[in-house]
Amino acid sequence: MNIKFRSYQTEDFTKIRDMLVTSFEESPDSGNWLIDRWNFCRMVSQTMHDTFGTWEKTVGVWEDETGRIVGAVNSEGEERGEAFFQIRFPLPSAIFEEMFIFAESHLSVQDEGRQVVRLRIPKGDFARESIAVERGYRKMDWDDTLSVLPLHHLEPVELPTGYRIRSGPDVSSEAKALAHAKAFGYFDETFDRTIPLAFERMKLAPDYRPDLDLSVVDTSGEVASFCTLWYDNWNQHGVLEPVGTIPAARKKGLAKAVIREGLQRIAGYGAKSAYVGSTMDFYKRLGFEAAYTSIVWEKSL
C-alpha cells in the first residue's frame, strides 16, 4: 500500500467523516471519533475558541494510491496540545510514526513552562503504545471512554408540569447557547456573542438533524435542559452530544426525559444502539455501559 501525506483541504471534512463511519464498522475499537465529535467540534467548539478559520491548517491527511483517505491527525480546535488520530486499519508502523511527528510539530503547546503534546491511544493498542514509549511519551491517569446503550423497548419519561420538549427551529440559537453556558459553568453577564453563532453553525453541520436537536423549555421559553443526537445511519447508532441541564432545573428528571425522547426518535430511524462519551453515574443509571477506552499519553518536547 502506497500511502502519502498531504495537507488538509476543505472538502476533506466529509471524506474524513465517511472514513469514520466506515472504520467504525470495520474496527470499532480503533479510537476514532464518532460523527458527533467530528461535527460538533468543527462547528461549535472551534467557533467558541476562535479557531474556526485556522483549524484546517493544523490537520494532516494521509491517503492511499487511489486517493482514499486512510488517516488524519487533528485537534479539537481548543489549542490544548491534544492531538487525535483518525485511522483506517491496517496502517504500517511507518505511517503511525509520521502521525506522531505531525502531532508533535503542529499541535503541541506551551503548558506551565513546558512544550507538550497529548495523544489518545486505544487501550490495548500495543503497536501505538510501543511507538509512544520509544518517542518519550508517558501514560497519564486520564482517559476517554465511549459508553453504549443497546436500544430495546423504550418507555417515555413524563416531564414535570410546566415543561415541554421542543426541537430544531422551535428553539433559538441564543436560547440554546445561554442554556449551554449555564449548564457547563462558563456563563457570565457579558455573554460572549460567539456562543449563539456556534449553535447557529451547528445547524450547518452535515449530520445535523433538527428533529434530533432537543430542548426542554419552561413556561417562559427558557431552555432548562437539552440533548442533541447525531445519527449514523450506516452503523445504526446514535450519539449524544451535547447534553446538559441548567443548575436551577436539576434533579427534576429533565435530562432523563429529553434523552429518552431522543433515543425513541433515533430508534424510529432504525438505530440499534446509542453512545455517549462519558462514564458518569447518571448515564450508568440510564443503562449505558463502558465500551471503548483510549488512554492519554503525554510528551514534553
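The points below describe a predicted model of a protein.

1. Overall dimensions. The protein has 301 residues, for which a compact globule would have a radius of gyration near 19 Å; the value of 20 Å found here agrees with that expectation. The C-alpha trace extends over about 60 × 45 × 35 Å along the principal axes.

2. Secondary structure and contacts. Eight helices and 13 strands make up the secondary structure of the protein. Of the contacts with a separation of 6 or more, 71% are between residues 24 or more positions apart.

3. Surface and charge. The buried share of the 301 residues is 52%.

4. Helix 1. This helix covers residues 12-26, and its 15 residues should span 21 Å at 1.5 Å a residue; the end C-alpha atoms lie 20 Å apart, in agreement. Its buried residues include Phe13, Ile16, Met19, Leu20 and Phe24, and also the charged-type residues Asp12 and Arg17.

5. Helix 7. The 16 residues of helix 7 (residues 254-269) reach 23 Å from the first C-alpha to the last, close to the 22 Å expected at 1.5 Å a residue. Among the buried residues of this helix are Leu254, Val258, Ile259, Arg260, Leu263 and Ile266. Gly270 follows helix 7 and has a positive phi, near 115 degrees.

6. Ser215. This residue belongs to strand 9 (residues 213-217). Ser215 counts as buried because its relative accessibility is 1%, under the 20% cut-off. Leaving aside residues up to four places away in sequence, Ser215 touches Arg164, Ile165, Arg166, Val171, Lys176, Val223, Ser225, Phe226 and Val258. Val258 is also one of the buried residues of helix 7.

7. Cis peptide bonds. The bond from Phe89 to Pro90 is cis, with omega near -5 degrees, and Pro90 is found in the loop between strand 4 (82-87) and helix 3 (93-106). Glu241 and Pro242 are also joined by a cis peptide bond, with omega about 0 degrees; Pro242 lies in strand 11 (residues 237-245).

8. Positive phi outside glycine. Glu112 has a phi near 55 degrees and sits in the loop between strand 5 (109-111) and strand 6 (114-122). With 78% relative accessibility, Glu112 counts as exposed. Gln236 likewise has a positive phi, about 55 degrees, and is placed in the loop between strand 10 (223-232) and strand 11. At 33% relative accessibility, Gln236 counts as partly exposed.

Key: Residues numbered from 1 in each chain as written. Predicted model: local features only at pLDDT ≥ 70, side-chain atom pairs only at ≥ 80, totals over all residues. Heavy atoms only, no water. Helix = DSSP H or I, 4+ residues; strand = E, 2+ residues; numbered from the N terminus. Rg over C-alpha atoms; globule rule 2.2 N^0.38 Å. Buried < 20%, exposed > 50% of the residue type's maximum accessible area, 1.4 Å probe, protein only. Contact = heavy atoms within 4.5 Å. Expected span 1.5 Å × (residues − 1).
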